[in-house]
Each structure stands twice: as C-alpha cells, then as structure tokens.
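Hi,

Here is the structure I promised to pass on to you.

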Amino acid sequence: MKYVDTNQVQKKMTSRLLTNRIAKTLFLLATLFGLLVLVVLIYRVVAQSLGWIDFDFLNNRLSTNAERAGIKGAIMGTLWLMLVVAPVTLILGVGTAIYLEEYAKKGRLQAFIQMNISNLAGVPSIVFGILGLTIFVRGLNLGAVVLAGGFTMALLVLPVVVVASQEAIRAVPQFLREASYGMGATKWQTIKNVVLPAALPGILTGVILALSRAIGETAPLVVIGIPAFIIPLPDGLLDKFTVMPLQIYYWTIDSALVDEYANLAAATIVVLLLVLFIMNSIAVLIRNKFQRRF
Amino acid sequence: MKGVLSLEKDVTRESNTLSVREMIAKNKRSVSTASVLEGLMPKILLTIAIISILTTIGIVLTLLTETIAFFREVSFVEFFTGTVLKPLGESAQFGVLPLLTATIISSAIAMFVAIPIGLMTAVYLSEYASDRVRKLLKPMLEILAGIPTIVYGFFAFTFVTPLLTKLIPTLEPTNILSPGIVMGIMIIPMVASLSEDAMSSVPNAMREGALGLGSTKFEVTWKVVVPAAISGIVASFVLGISRAIGETMIVTIASGSNKVFTFDITQSMQTMTAYIVEVTGGDAPAGSTLYYSLYAVAMTLFVFTLVMNLIAQYISRKFREEY
C-alpha cells in the first residue's frame, strides 16, 4: 500500500517552491518600502531646505518676510518647555516607578495604577491637549504659557518614563538589595544608595526618549491655543511661547499663500530632526555604555 | 551607604572623648530622622503614583462635565445620527457623522497600507532576515517610528498629494486619501515591531517540526508561525487602528476642514481630531455650544481609542498561546 503518491508530490513541488520564492521577494520588498519612504522623505525635506538653513535662520526672530524669518523663538520655546517637562516627568515618573516596583504590594491598587498607566499611554495626544486647555490654561487661568504647555506635555510623556524606569528598577538584581540590607541599611537607604544608581542609565534613557517625544509633539500645544505668530522671545515660565513643530505646522498650512513658507517649514524640520537624532543617539549611547549586566 | 560610613568615622574619631551613653543617644537621634524618612517616603511616593490616576480622572471628568452640558443643548440622537455639521451661523447643526466617517475612512485607508506591509515586514524580519540584516533594518524602522507626526503631515501635503494628483487628476488639494496613506506608513513600524515580537516568541521547535515534515519556508510561516502568533498580530492591528483614530496633525494639515458627509476619498474631509484643532484654534467662547461640541467630539474620540486599546489588551491576554 502506497501512503505517498510521489507523482502528486512532484507535481505540486514546482508551484510550492515558486510560491516560496515569490513570497520571500514580496516580504523583502515590503520591508524595503518603509526604508524607501524614509529616504524619500529625508531627501525631500533636505532638498527643500537647502539654502534656507544658516546662522541667520537659527538666530532671527519670526517674521512675515520669509527671507528674514528665523526660528530663534521656537528654539528658545523648546528649551523653556523642556525646563518644565524634564524635572516634572523625572520626579513623577521615577517616583511612580519606585512606588510600583519597591513599595506597592501585589494587589488591587498596584494593578489599578499599572493598568491606568498603560491605558494613559494609549490616549491620543490631542485629548491631553484638551485636559491642558481645561485645567491649566483656563482652570488655573495660566494662559498658553510655558508652564501650562510644560505640565500638559509632562503628563503626556509620563507613561514612557514610568515604564522605562520600572524596567530599569526591575533589572537591578535582588542580591544587591539584600547585600545593602545585610549592611544594616533601611529600605529607603537601599533604594537611594543602591537601586537608583544601578537603574540610572535605564531611567535616563527613558527620560531622554520621553523628552524627544515631547519636542516633536504638536497637537496638544495647538489645542492649548499657542498662536501662529509670536515675535517676543520667552523669558520665563509665565511667558507665551512657540516651539519648532508648531512653527512647521503654521508655515506648512500657510505655504498655500506664500510658497517660500514651505522652504521655511522644511528648514525647521531639518533642525528638529537633527535635534531628535542627537537626543536619540545620546540615549542609545547611555544604554550601551553604562548599562551594566548583572 | 554614605550615611553609614560617615557615622562609623565619627565613632572611631570621637570614641576617646565621647561616653558610651552619649554615643547611643547620638545614634538614636540619627536613627530617628532616618526612620521618619523611612515612614514618609512610601507615602510621598504613593502620592506621586496617584497623580497618574488623577490624570485619568481629570481627563474623564473634564470631558464628561462639558459633554453633559453639550447634550443639554443638542440631543443625543441628533449628535450621533446627524449628517450635517454646521457649527457656526444662525441655524447651527451638530451632527457628528461627517467627522466620524472621515475618521473611519482615513483609519481604514491607513490600515489598508499598514496591515499588509507591516505584517510582511514583520515576517521578513522574524523569519527570513539573517541576524546581520535584521540588526541593520530594525534601527531604520525605529527611525521611521520616531519621526514626529508633523513631519509626516508636511510630507503628505507637499509631496504625496501632488504625486497622487498626477494619478488622479480630480484629487482636491486637500483630501482624505493622501493623509490616510501617510498615516499608514507612519503605523507600519508599530505593526511590524509588535507583530515581529509575537512571531519571534514562537518556539523554534514548531518551525523545525513543520520543516521536518517537508514544508517550505513560506508554508512554515503561513501555516505555523502566523497562526501561533495570531493574538499578538491582531493586537498590533487593533493598536494601529487606535493610533490612526487619534492621529491629529497629518489629517489636520493634509485633509483640510470640509465638514461634508461623503464617502468620496478624493475630497477634503475633517476628522474628529482635526475638528478639535480647528475649534480650539478659533478661540471658541467658553459656554457656547461650539465650545461644548469640542468636548463631545473629544469624548467620542477618547471612548473610541480606549475601547480599541482594551480590545487589544483583551486579545493579547485571552488568545495567547502559551508554549
């Protein structure tokens, strides 16, 4: 009795192998498609910005005259914004992570906070903008100033920092903690002197990635009502401000009226992408250089 | 550690001059400050942790109160079945359907791009690529994922739309097709990396079993790996949809603000997110129906994405195959 019909198998073999080969090519092409878009996007942006990025562009204030317009205000605004976002997310994010990993007992409250954080991460950024508009801009009557924008952004990127810090703290091996307890240290002393220093590279990587997300976000700041045209530079936490993504947004939608605005938008994009690239490189560097494996 | 060390130093230096009783008293004092801190820190940290819950409560409360105020002026039925959105003027009408269809259409176009390409990318990276190729390609995809959405918006408006106009001459300068496609490209890395994670966790023994029975690589992938990783793959699709629904800047820039109830993808349409941007940018006076409509739309958006995220969590928990 014959279990396998060899002829049948042979007949099917050609088409099976062909399908296999076609599928492999198709999968490769799909992968390359993403990269192709990346290359085209960067090429387009750089080509459009050529001749527009120079020292004057970085150092001039906003102007309706495309030739004289610069992004100094947007750069300063981004710096001021980070001055709020960085400490707030660091304290809130790392604090939450320490609580969840070191203090919280496995139970309802811990599970609830954890679920809450992962759901917050999925809330669209524009909804955070509405929260900021309602509570910080109108509720506390701050207006669309650095502090209000910074708080809004800090809440938006908080889940990123919490999750990264949790992973970093979890990766600190138990025997380090036990050694510290054995020396007579208390729980808080152990966290402060042993756990946090060991987890620091992971935490910093998370914070930098969170900041780079905040630098690139546009929607929440549009919603809290940052106007299209601000000439004075921000000089404090209660000053009105603008940031690079917003400048890109307004220049892009106005490029229908003035062609050169598209070039200005492209030039700002190049600066923004450079900043993000540098920040991400630093994050990768920290991760590779200082992350100890125990 | 520092505190303990310096204490020891003090003890050795001052042990000649201090009596034992004073030493104990001193120790007790420093212990008591430490124990105060010890008791305080968990409470401080708990307070900080609760801020994340307060954020959620804040979002829900602000959206809810203003949405309720909105539904006092506009009926629930009118909002969800009305096909006319005319927020300004004498006879203002607030039907959310134009926004809802625009959101669904743009997300559908996005997923039409992101699902096949993202899944094929994941298959290639997880099943076909050598380690070296994977190490080269993955960071590139991460760069694609890290590009701010505003840059994609610029790309859609100044490059993709003109390109598409050459193929479809009737395309409007702002339309839903171009941002839909670009949104799909933006979501590819997310679908690819989540699906790849799911496929990589399928144990090799299963692949080897299928290969041993004479399957081709494609058959192994399609009939063994993908079915085994299906919960993670579907969860990545659902998260992608949620991302597309909440995406703001690409559609705001490239799809314009035409509030029509239509299914014609060459036309300008306004999504829920773009409506929020337009209304807040226009300084709606607090207390007006227009102002409240902002919250009603945001609430709809919030509920949509929340449900999607919960579905994704449920799928990946419930249907996960454990090996």
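Please keep in mind that this is a predicted model. I began with the contact between the two chains: chain B puts 67 residues into it and chain A puts in 69 residues. On the side of chain B that touches chain A, the largest share comes from helix α2 (residues 20-73) of chain B, with 17 residues. Sorted by class, that side of chain B has 44 nonpolar residues, 20 polar ones and three charged ones.

Next, a helix in chain A. Helix α5 (residues 125-139) of chain A is 15 residues in length, and its first and last C-alpha atoms lie 19 Å apart, close to the 21 Å expected at 1.5 Å a residue. If you trace α5(A), look for a kink of about 35° centred on A:Gly132. This helix, α5(A), is mostly covered, with 13 of its 15 residues buried. Just after α5(A) comes A:Asn141, which has a positive phi of about 60°.

One residue in chain B is also worth a look. B:Thr161 sits in helix α6 (residues 149-167) of chain B. Is B:Thr161 buried or exposed? B:Thr161 has 23 C-beta neighbours inside 10 Å, and the cut-off for burial is 20 or more, so this residue counts as buried. Beyond its neighbours within four places in sequence, B:Thr161 makes contact with B:Ala156, B:Pro173, B:Asn175, B:Ser178 and B:Ala254. By contrast, B:Arg132 is 29 residues away from B:Thr161 along the chain, and 36 Å separates their C-alpha atoms.

Note on methods: Residues are numbered from 1 along each chain as its sequence is written. Chains are lettered from A and ligands numbered from 1 in the order in which they are written. This is a predicted model: local features need pLDDT of at least 70, side-chain atom pairs count only at pLDDT 80 or more; totals for chains, interfaces and linings use all residues. Two residues are in contact if their C-beta atoms, placed from the backbone, lie within 7 Å. Helices (H or I, at least four residues) and strands (E, at least two) are DSSP runs, numbered from the N terminus. Ala, Val, Leu, Ile, Met, Phe, Trp, Tyr, Cys and Pro count as nonpolar, Asp, Glu, Lys and Arg as charged, and the others, Gly among them, as polar. The expected span of a helix is 1.5 Å times one less than its number of residues. The bend at a residue is the angle between axes fitted to the seven residues ending there and the seven starting there. A residue is buried if 20 or more other C-beta atoms lie within 10 Å of its own, exposed if 12 or fewer, and partly exposed in between; C-beta atoms are placed from the backbone.
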